[in-house]
Amino acid sequence: MKAKIKLFRPDIKGIKRALNRHVKEAAELNAEMIRRSILRGKDVVTGGNFSHIKNSTRFIRDWKRDVGMISEPVIPGDKPLLDTGKLYSSIRVLRGGNPGTYEIVMNDYGEHHLESRTVASSKSPPGLPEKFNLVGKTVPRRRFFGTPKAFLRSGEYKELLIKLDEDIQKALKTKPITIS
């Protein structure tokens with residue numbers, strides 16, 4: 001005699017895969033929000049506007065183009081953090097040191113803008129007018145790197161949660177087993 005019995009046998013590997021995929025997708029979403037912060041010129045956490053760039057920054061950007069220091073395409077406009085696009089394109093998601101973890105990384109240049117600081121020394125370009133002397137000047141904080149306060153309430157993250165729920169429900173389905 002054969003009997004079909006429904007046993008609760010969750011797919012543990014399927015649940016682990018779903019959770020790992022969710023963490024990775026959430027990190028990628030956060031990285032995209034960081035990139036958007038740079039494009040929009042807004043604080044990633046609070047949504048406030050970045051301080052505008054100063055005339056000295058405009059002058060230095062123009063000077064770098066004139067002397068050939070910048071060879072890659074220049075992104076038009078005067079937005080902070082967005083001249084050559086190197087910082088923007090350096091933001092990426094990497095697998096973390098522990099299983100199921102991911103890190104959002106950027107080039108070192110970006111770290112200098114996360115906190116306000118005073119310029120201690122500067123290799124000013126030749127011909128920089130004295131009024132643009134950078135030593136002793138304060139560089140404003142531009143918080144573009146972080147997790148927005150509303151991240152977990154965002155529609156994009158809610159879509160990820162729905163997908164996670166569907167994947168876990170699929171992994172929890174019972175499977176009939178035939179016993180003879």
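Visitor: Let's start with Phe-144. Is it buried or exposed?
Guide: Phe-144 is buried, at 0% relative accessibility. Buried means under 20% relative accessible area, exposed means over 50%, and partly exposed lies in between (1.4 Å probe, protein chains only).

Visitor: What kind of model is this?
Guide: This is a predicted model: local features need pLDDT of at least 70, side-chain atom pairs count only at pLDDT 80 or more, and totals for chains, interfaces and linings use all residues. Residues are numbered from 1 along each chain as its sequence is written, and side-chain values use heavy atoms, with hydrogens and water left out.

Visitor: How many aromatic pairs are there?
Guide: The count is 2 aromatic pairs. Rings of Phe, Tyr and Trp (its six-membered ring) pair if their centres lie within 6.5 Å; planes under 30 degrees apart are stacked, over 60 edge-to-face, and the rest tilted.

Visitor: What about Phe-144 and Phe-145?
Guide: They form an edge-to-face pair, 6.2 Å centre to centre, with 75° between the planes. Phe-145 is partly exposed, at 23% relative accessible area.

Visitor: And why is the pair of Phe-151 and Tyr-157 called tilted?
Guide: Because their planes are at 40°, with the ring centres 5.1 Å apart. Phe-151 is buried at 7%, and Tyr-157 is buried at 11%.

Visitor: New topic. Which residues touch the most other members in the largest nonpolar core?
Guide: Ile-34, Ile-38, Leu-81, Leu-87, Ile-91, Met-106 and Phe-144, out of 13 residues. A nonpolar core is a set of buried Ala, Val, Leu, Ile, Met, Phe, Trp, Tyr and Cys residues joined through side-chain atoms within 4.5 Å.

Visitor: Which helix gives the largest share of this core?
Guide: Helix 1 (residues 12-40), with 3 residues. Helices (H or I, at least four residues) are DSSP runs, numbered from the N terminus.

Visitor: What does Ile-34 touch?
Guide: Val-44, Ile-91, Ile-104, Phe-144, Phe-145 and Gly-146, not counting residues up to four places away in sequence. Contact means heavy atoms within 4.5 Å.

Visitor: What lies apart from that core?
Guide: Another core, of 6 residues, including Ala-26, Leu-29, Tyr-157 and Leu-160.

Visitor: On to helix 5 (residues 155-172). Which of its residues are buried?
Guide: Tyr-157, Leu-160, Leu-164, Asp-167 and Ala-171.

Notes: Helix = DSSP H or I, 4+ residues; strand = E, 2+ residues; numbered from the N terminus. Expected span 1.5 Å × (residues − 1).
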